[in-house]
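Here are my notes on this model. Please read them with the structure open.

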Amino acid sequence: METNDNVQNVRLTTEQKKELISQWKESGISRKKFSAEHQINYYTFMDWCYRFDKKPTQKKATNFVELKVSSQTGSFAEIKYLNGNTIIFYQPVPADYFQSLVKK
């Protein structure tokens with residue numbers, strides 16, 4: 001393992017690295033303190049956390065909400081903005097009109 005003062009070239013397996021990450025999570029201490037206590041270079045430990053502790057990718061947040069077209073009588077379509085405002089269309093409208101509402 002590495003330290004800032006004394007670099008040791010000890011190779012750890014992927015499983016050993018994952019185990020250290022698991023121990024760090026359970027410890028409740030910062031990465032910096034954990035890496036110092038285990039004589040691991042902080043930036044090396046950060047790299048392990050980045051590579052081996054990835055969570056499943058989540059959908060990136062966008063400013064758009066799904067547009068649902070209703071087959072019921074009454075409204076044709078609705079646009080729901082993230083701020084809670086809703087626009088209800090009671091008849092078909094051209095696509096470019098939808099775009100003009102979204103661009104502003």
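1. Arg51 is partly exposed, with a relative accessible area of 42%. Asp47 is also partly exposed, at 34%. Here buried means under 20% relative accessible area, exposed over 50%, and partly exposed in between (1.4 Å probe, protein chains only).

2. The side chains of Asp47 and Arg51 meet in a salt bridge, 2.9 Å from N to O. The term requires a side-chain nitrogen of Lys or Arg within 4 Å of a carboxyl oxygen of Asp or Glu. The two residues are 4 apart in helix α3, so about one helical turn separates them. A search of the whole structure finds 1 salt bridge.

3. This is a predicted model: local features need pLDDT of at least 70, side-chain atom pairs count only at pLDDT 80 or more, and totals for chains, interfaces and linings use all residues. Residues are numbered from 1 along each chain as its sequence is written, and side-chain values use heavy atoms, leaving out hydrogens and water.

4. Helix α3 spans residues 42-52, and Phe45, Trp48 and Cys49 in it are buried. Seen down the axis of α3, the buried residues fall within an arc of 100°, so they line one face. The arc is taken from the directions from helix axis to C-beta atoms. Those buried residues pack against α1 (14-27) and α2 (31-37), with contact meaning heavy atoms within 4.5 Å. Tyr43 and Tyr50 are exposed on the face turned away from the buried side.

5. Helices (H or I, at least four residues) and strands (E, at least two) are DSSP runs, numbered from the N terminus. Strands β2 (residues 77-80) and β3 (residues 86-89) pair in the antiparallel sense over 4 bridges; pairing takes at least two DSSP bridges. Lys80 stands opposite Thr86 in β3.
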